[in-house]
Amino acid sequence: MGEPGARAALGFVRAVAVLASDAEVQVAWLSRVFASGSAAVDELALEFDEGYGQLPAFVRENWIDAAAAPALADLDRQLDQMSGDHQRALWTAEALATRPEWDRVRFLARAALILLP
């Protein structure tokens with residue numbers, strides 16, 4: 001598989017934008033894109049993670065400013081802290097709206113989004 005393209009970078013920015021969105025918007029987006037709503041809450045993190053792994057290439061190609069990397073790393077760390085079977089309760093539509101961990105994700109994603117194209 002070759003270098004990621006501009007479309008992948010755009011998808012990554014979209015993933016950050018969805019993470020920055022209010023819980024109601026996140027649930028609506030999941031329902032539209034994955035047709036399974038709350039069953040797919042983990043897709044929010046999976047889409048981000050897929051793009052985050054390609055961040056060095058996005059920066060190298062000047063599709064994403066290197067100045068955004070620290071904010072994106074903070075967001076990645078927060079999502080990592082929410083991972084694992086012991087955190088399963090965080091990955092529901094209800095948790096999106098009620099848990100402070102998701103408020104922190106939204107805060108970090110908004111901070112990163114300001115630095116993205």
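In the protein chain, residues 24 or more positions apart make up 69% of the contacts with a separation of 6 or more, a contact being heavy atoms within 4.5 Å. The model is predicted: local features need pLDDT of at least 70, side-chain atom pairs count only at pLDDT 80 or more, and totals for chains, interfaces and linings use all residues. Residues are numbered from 1 along each chain as its sequence is written, and side-chain values use heavy atoms, leaving out hydrogens and water.

**Fold**
- The protein chain holds seven helices and zero strands, where helices (H or I, at least four residues) and strands (E, at least two) are DSSP runs numbered from the N terminus.

**Dimensions and burial**
- The C-alpha trace spans about 40 × 25 × 25 Å along its principal axes.
- Of the 117 residues, 38% count as buried, meaning under 20% relative accessible area with a 1.4 Å probe, protein chains only.

**Helix H1**
- Helix H1 covers residues 6-20, and its 15 residues reach 21 Å from first C-alpha to last, close to the 21 Å expected at 1.5 Å a residue; the expected span is 1.5 Å times one less than the number of residues.
- Buried residues in H1 are Ala9, Phe12, Val13, Ala15, Val16, Val18, Leu19 and Ala20.
- The cover over the buried residues of H1 includes helices H2 (23-34), H3 (42-52), H4 (55-60), H5 (69-81) and H7 (100-113).

Notes: Buried means under 20% relative accessible area, exposed over 50%, partly exposed in between (1.4 Å probe, protein chains only).
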